[in-house]
Amino acid sequence: MARPDLTTRFLGLDPKSPAGRLLGAAERAIIENPTVFTAGILLLLWLILSQLSPYFFTVSNLFEITVQAAVIALIAVGQTFVILSKGIDLSVGAILAASAVTSTMVMDAGYGLGAGVIAGIVVGAFFGAANGVAVGYLRIPPFVATLGMMGIARGYALIITEGIPIFRVADGFEILGQGRVWGVVPVPTIATLGLYAIGVFVLLRTRLGRYTVSIGSNEQATKVSGVNVPLYLILIYGLSGVTAGIAGLTEASRIGSGQPAGGVGYELDSIAAVVIGGTSLFGGQGSLIASWIGALIIATLRNGLNVLGVYAFWQLVAIGAILIAAVYIDNWRRLRRGGEQ
Amino acid sequence: MSAPPLIEMRNIYKSFGGTHAVEDVSVTVQGGEVLGVVGHNGAGKSTLIKILAGAYRMDSGEIYMQGEKVSIHNPRDARDLGIETLYQDLALADHLDAVANLFLGREIMTRWATLDGNAMEKATREVIARINPNFVNLREPVQRLSGGQRQSVAIGRALYFDTKVLIMDEPTAALGHRETAVFKELVIRLKSEGIGMVLISHDIHDVFDLSDRITVMTNGRQIGTHRTAEVTKDQVLSMIILGKQPGEETAEDIATLH
Ligand SMILES: Nc1ncnc2c1ncn2[C@@H]1O[C@H](COP(=O)(O)OP(=O)(O)OP(=O)(O)O)[C@@H](O)[C@H]1O
Ligand SMILES: [Mg+2]
């Protein structure tokens, strides 16, 4: 696996010198294992912020970051599947709101906790599967199909609530968003961990995961291999709807209400998390766990810059810059791997 | 009459918009036989075999397998009949490894309905060892493999699954000299196993080396089919370029071919 040390040569260093070797090793780590690289960035951020503020690197603040990252991280599970399949899901923020209001309305009507939770997930699955029908059977480009669904799901949330938030929820619903296990570990954090564990299992051990990657890598080859591609696209987008629905429940539980106008812009945050995690927008390549790390990086920047008292608008600038850097690294990675451009 | 042919395509038509890609073409393939299909660019060769592979649906025509009429509506139907295809562009998922590609669409599952990675890797090792013993990095994404290794994966599919008919569209186009020689040996071995093959190639020498019969197409039409032993390369070239039957060509025609 002898490849030229691009960075080293670019800087005019001798690849055999200590600095050259270090750079070469770093370069290989980035290429061979993007997840390790993304985790390294997160640790570096934490290290820097802990030097800048005594309030940052505490157990409670780090847990707080995982809670702040939870909703985007949950959405990013399905988004990662969609992006791996070379698609994009712009409707997840609106689906989140649709799920949140459906679930809280069911609870408001007195049907109880279980019915409320199931209703929220079913609504997410329904809108997601509809995306899959549009992309798989009607051959609508994912960008357009999910942009349309973004309007439909948002309209649905506003219509059924007449634009008014739902504040009455069932007893015990607050645990999902606000609970703590043993008084310390936040329930949303555990929920995120659980969903990622399931997601990794599906991605690596099931046909759905295998075909998600192969569709993103070469849809035509997948089709001629006898795979029912449209059916799997329904499952992939359906999964994204389900994880957006679960995120909707978590958000509604955290704030104690179903907001028909909630979740605006979350689609972009979830895409940012996936891309910062190193999953390629060109499909077929990426890591699910790294999307969680991506969501943590975004939450860390928001949290850390808050702790430092940095003007909030600068956070947008920082997150935007990281996103562009992540895509640049992806380009460079594919170039080095000798993959297709 | 002897046994019916392994595959018979009868009066096949297919057009795309106004383009008549395949017009009234009929071919047969016997078990253990290689049928060469030749013709210039856009003659309709790929379209013809894609119909057999289930990638395109014909407008009209009939397909028989061992004398029985079959309907092939999608790639899965073709595979279920034992028809495998080596596509011109090899049709591999670049980011997946050789094991995943070999089993794509037909994964071995554990009894828990999960992918059985170990069983698939073991099977892939066995089948690849028969084709290309030097190819051992089966866990590398196939985009990092050589043309010959990629082709080994595609052929591996044909060998592993119970294949009766193997369709090969430009199988040597991406290969080097040595790899082409290995490929030719492999075709001869598959013939001896009774597999019927359809070979599309622009390389007239490959076609003469490997096929038992040759059919020539131009602009979607079939000029004719001949036993390889009964025609010369010049005659076949003349059929491709001038659309003339063997014996019709003049010395002058032959001269223009060279
Ligand atoms: N999917 C398609 N849509 C529209 N037209 C097509 C399609 N596939 C093939 N054609 C047309 O049908 C004709 C036959 O194409 P085909 O690919 O079968 O030729 P070929 O003999 O395989 O050529 P080559 O030697 O270049 O591979 C061409 O005119 C081509 O443009
Ligand atoms: Mg062709």
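My entries follow, starting with the model itself and ending with the ligand.

**Model and numbering.** This is a predicted model, so I kept in mind that local features need pLDDT of at least 70, side-chain atom pairs count only at pLDDT 80 or more, and totals for chains, interfaces and linings use all residues. Residues are numbered from 1 along each chain as its sequence is written, while chains are lettered from A and ligands numbered from 1 in the order in which they are written.

**Confidence.** For the complex, the predictor gives an ipTM of 0.84 and a pTM of 0.87.

**Helix α3(A) on α14(A).** Helices here are DSSP runs (H or I, at least four residues) and strands are too (E, at least two), numbered from the N terminus. I found α3 (residues 34-52) and α14 (residues 289-307) of chain A packed at about 15°, with axes 9 Å apart. Axes are lines fitted to C-alpha atoms, for helices over the stretch in contact, and angles run from 0 to 180 degrees between N-to-C directions. That angle makes α3(A) roughly parallel to α14(A) (under 35 degrees; over 145 is roughly antiparallel, 65 to 115 roughly perpendicular, the rest oblique). I noted a left-handed crossing for α3(A) and α14(A) (near helix turned anticlockwise from the far one by less than a right angle; clockwise is right-handed). The residues of this contact divide into twelve nonpolar, five polar and no charged. The classes are Ala, Val, Leu, Ile, Met, Phe, Trp, Tyr, Cys and Pro as nonpolar, Asp, Glu, Lys and Arg as charged, and the others, Gly among them, as polar. Among the residues that meet are Trp46(A) in α3(A) and Gly304(A) in α14(A); contact takes C-beta atoms, placed from the backbone, within 7 Å.

**Helix α13(A) on α14(A).** I checked α13 (residues 266-276) of chain A next: its axis and that of α14(A) come within 7 Å and cross at roughly 115°. This crossing is right-handed. Its contact residues are seven nonpolar, two polar and one charged, with Asp269(A) of α13(A) one of those taking part.

**Helix α4(A) on α9(A).** The axes of α4 (residues 59-84) and α9 (residues 187-205) of chain A come within 8 Å, crossing at roughly 35°. I logged this one as left-handed.

**Chain A to chain B.** I got 20 residues from chain B and 21 residues from chain A in the contact. Helix α2 (residues 75-80) of chain B gives the largest share of the B side, three residues. That side has ten nonpolar, five polar and five charged residues.

**Ligand 1.** Which residues are around ligand 1? I listed Phe16, Thr19, Ala21, Gly39, Asn41, Gly42, Ala43, Gly44, Lys45, Ser46 and Thr47, all of chain B (C-beta atom, placed from the backbone, within 6 Å). The elements giving two or more residues are β2 (19-29) and α1 (45-53) of chain B, and α1(B) supplies the largest share, three. By class I noted three nonpolar, seven polar and one charged.

Conventions: Two residues are in contact if their C-beta atoms, placed from the backbone, lie within 7 Å.
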